[in-house]
Amino acid sequence: MKGIAEIFGETWSTPASLASLRKLNKPKGVMCVSCAWPKPANYSAFEFCENGAKATLWESTSQRCTPEFWEMEGHRITELRDWRDHDLEMTGRLTHPLRFNHETDRYEPVSWEEALTHIGAVLRPMKPDTVVFYASGHAGLEASYLYALLARAFGTNNLPQSSNMCHETTSVGLTKVIGSAVGTVVWDDLEQADAYFFFGQNPGTNSPRFLHPLKACKDRGGKIVTFNPIVEQGLVSFVDPQSPAAMLTGKATKISDQYHQLKAGGDIAALLGMCKCVVEADDAAKAAGKAEVIDHLFVAKHTTGFDAFIARCRSASWSEIEHESGLTQAALRTAAQTYIEAERVIAVYGMGLTQHAHGALNIAMLVNFLLLRGNIGRPGAGCCPVRGHSNVQGQRTVGIAEKVHLIPVERIRNLFDVETPAHDGMAIVEAVGALIEGKVRAFISLGGNLVRAVPDQQRMETAWAAQDLTVMISTKLNRSHLFPGKSAYILPCLSRMEEDRQEGGVQTITTEDSFSMINGSVGFRKPASQHLRSELAIVTGIAKAALEPSDKLKWDEWTADYGQVRDLIEQTYPDDFRDYNARMFEAGGFYRGNAAHERIWKTESGKAVFTTPDELNSVGFDDAPGRFRLMTIRSNDQFNTTVYGYSDRFHGIEGTRDVVLMNPDDMADAGLSDGQTVRLVTDFDDNIDRRLGGLTLTAYKLPRGTIAGYYPECNVLVPLSLHDTLSGTPASKSIPVRIEAEQNIG
């Protein structure tokens with residue numbers, strides 16, 4: 001509550017903000033703009049967490065970034081580049097469409113008509129594949145569907161999305177082994193699980209409402225086993241805010257029965273070690289005439305690749321497993337025993353698995369682990385990736401995707417007479433690379449803070465500003481606005497809490513959560529400015545300005561009535577969106593289905609795939625003297641690139657984010673000391689200098705060889721070319737760096 005109160009005080013949110021909190025995540029209410037955790041059908045009075053409350057209050061601020069801001073002393077763009085991320089957003093809600101003036105080095109107000117007309121005039125003569133249409137995970141399904149249609153009607157599949165930077169490894173990796181791009185569990189599974197295994201996911205800072213199902217699991221005698229290089233308080237203990245007794249006494253529920261601090265990138269070896277234990281236990285059970293440990297009936301009927309994987313389990317030596325995981329054989333045997341004794345297991349993971357050079361192999365190994373005992377596609381069991389942004393999964397569902405095979409090309413052609421380009425577009429890593437090479441000339445950003453979020457930030461800033469056109473659809477000022485292209489616009493949009501009134505009345509938008517549930521969301525607050533437009537209206541405005549008129553592209557009609565857009569989504573994706581308009585306010589959302597949940601495997605073989613690992617760590621580089629594995633982390637006082645404040649109580653860091661967390665023994669061996677000022681230098685062989693200085697070395701309980709620093713500040717150290725080999729997701733959880741001492745001042 002203290003963290004929420006601090007945000008309320010700092011942003012001067014109005015008392016009406018509290019009404020917003022009461023409406024969060026309830027039927028005909030507002031779907032939270034924070035994480036994509038599902039909304040239970042049997043909701044509580046206050047169905048939100050600290051993160052959701054902070055995000056709501058942050059967007060509901062009474063502060064305004066008006067045109068007068070740009071006239072003030074010290075507010076030229078080149079001067080604002082010295083501001084912190086937090087301070088930029090503290091200027092408040094953007095109130096007017098803005099155009100950058102290179103002569104004055106300031107943004108200036110512009111009418112919507114003039115802005116859209118000029119954006120269209122710049123776009124029209126451009127070669128389609130030199131333009132990128134990027135989307136963060138904020139916009140609803142309706143705006144996202146039309147945004148994808150706009151890009152394809154313009155002639156490109158350049159539709160990268162924020163999942164390219166975090167969970168694209170899930171989309172590609174899971175599809176390869178189980179035929180589903182998303183997790184397989186539903187809400188009822190949470191209530192039946194006997195054990196949870198966590199890998200690289202922290203509900204305390206990323207999805208705090210998950211802590212309630214975890215506490216319920218513990219209350220019924222279940223077990224929770226965690227693998228994470230850093231101790232995260234949310235997986236250690238939990239004080240239930242919906243229990244008056246717990247809040248009054250401070251009595252906490254212990255969450256993790258086992259907490260294994262493995263090396264950054266050591267998950268493949270840890271999973272292989274546990275699988276080896278399961279195989280040994282199964283062999284012993286057979287020899288003793290006891291019940292099998294491996295679900296051989298399931299394996300025979302539903303999987304392929306089993307024999308090769310089992311051979312790898314048997315041949316793996318404990319010495320290599322221990323070396324690569326950083327865990328002892330005894331620790332892994334203890335964890336494996338919990339898995340063997342549990343009838344129903346859910347494996348939960350986050351970016352700690354996905355953001356590595358071999359992240360897809362991490363995912364495949366996790367699936368191997370579940371398949372051994374049939375823990376996919378039955379009640380109380382399954383694979384549960386936890387996504388960060390509120391609609392990041394849903395945007396992919398309705399067409400924001402750069403790969404042609406993911407798109408129902410023929411239906412789009414029949415509905416709109418739009419010929420989808422036959423070749424794939426660019427994902428984020430490819431788009432940033434092309435931008436740096438000068439091949440991308442315009443970027444449209446539907447939300448987000450892309451310049452701050454991507455790898456190779458310094459090169460990205462230079463390349464971003466060299467474009468012919470940059471268009472940012474935003475609610476608040478952020479660092480991406482400070483590197484305007486030759487023509488540059490900021491188009492301010494409504495927040496999800498605000499009333500979206502169009503010609504057809506107040507509109508509803510919809511979102512999809514991590515469990516493939518679709519929920520309606522209705523804003524009710526007065527907009528922060530009369531000059532704001534909805535994300536959908538901005539998308540259709542750009543479309544009308546940039547495209548030739550067509551009888552089948554009814555941008556004005558769709559803007560007036562979002563229900564018509566939902567009808568189009570249903571026609572385009574009939575299996576997922578049956579009776580869309582009628583079902584969008586069902587309590588808990590309506591389920592669009594998941595074949596793998598029903599043990600229908602849409603893989604090449606028609607079966608779930610066991611993967612034999614050819615690597616035992618996921619980092620993609622060799623260890624060397626003086627080289628550390630840097631993992632980026634988030635505080636409880638931020639959401640993605642948005643920094644609410646400088647109090648990270650879960651990690652014990654106060655007043656700063658300029659820190660490097662390091663094992664004390666590693667410090668001593670390196671001749672460094674707690675409190676010393678250091679710089680990090682990327683140790684990657686591509687002849688590009690990447691460094692970040694002014695960091696305070698902070699002693700912390702971490703595995704040897706692993707250090708930690710904050711995202712997005714450490715993005716400057718991530719090489720663009722160091723990414724998952726299958727999905728292209730940047731390897732932000734295992735960056736090779738060296739540590740150099742700096743001169744302490746004062």
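1. Helices H21 and H27 are oblique to each other, a class that takes in the angles left over once those under 35 degrees (roughly parallel), over 145 (roughly antiparallel) and 65 to 115 (roughly perpendicular) are set aside. Helix H21 covers residues 409-416 and helix H27 residues 562-572; their angle is about 135 degrees and their axes are 9 Å apart. Axes are lines fitted to C-alpha atoms, for helices over the stretch in contact, with angles from 0 to 180 degrees between N-to-C directions. Arg411, Ile412, Leu415 and Phe416 of H21 meet Leu568, Gln571 and Thr572 of H27, where contact means heavy atoms within 4.5 Å. This contact comprises 4 nonpolar, 2 polar and 1 charged residues. Nonpolar covers Ala, Val, Leu, Ile, Met, Phe, Trp, Tyr, Cys and Pro, charged covers Asp, Glu, Lys and Arg, and polar covers the others, Gly among them.

2. The model is predicted: local features need pLDDT of at least 70, side-chain atom pairs count only at pLDDT 80 or more, and totals for chains, interfaces and linings use all residues. Residues are numbered from 1 along each chain as its sequence is written, and side-chain values use heavy atoms, with hydrogens and water left out. Helices (H or I, at least four residues) and strands (E, at least two) are DSSP runs numbered from the N terminus.

3. By class, the contact of H13 with H19 holds 9 nonpolar, 1 polar and 1 charged residues.

4. Alanine 287 lies in helix H13. Its relative accessible area of 73% makes alanine 287 exposed; exposed means over 50%, buried under 20% and partly exposed in between (1.4 Å probe, protein chains only). Alanine 287 and arginine 124 are 163 residues apart in sequence and 72 Å apart in space, C-alpha to C-alpha.

5. Strand E15 (residues 469-474) is largely enclosed by the rest of the structure, because 6 of its 6 residues are buried. Leu469, Val471 and Ile473 are buried on one side, and Thr470, Met472 and Ser474 on the other. Strand E14 (residues 442-446) pairs with E15 in the parallel sense over 5 bridges; two strands pair if DSSP finds at least two bridges between them. E15 also pairs in the parallel sense with strand E16 (residues 487-492), over 6 bridges. Leucine 446 has isoleucine 473 in E15 as its bridge partner, and valine 471 has tyrosine 489 in E16.

6. Strand E12 (residues 345-349) and E13 are joined in the parallel sense over 4 bridges, and alanine 347 stands opposite cysteine 383 in E13.

7. Another open sheet has 3 strands with antiparallel pairing, in the order E19-E20-E21. E19 (509-512) and E21 (590-591) stand at its edges with a single partner strand each, so one side of each has no neighbour in the sheet. Helix H7 (residues 141-154) lies across E19 and E20, at about 85 degrees to E19.
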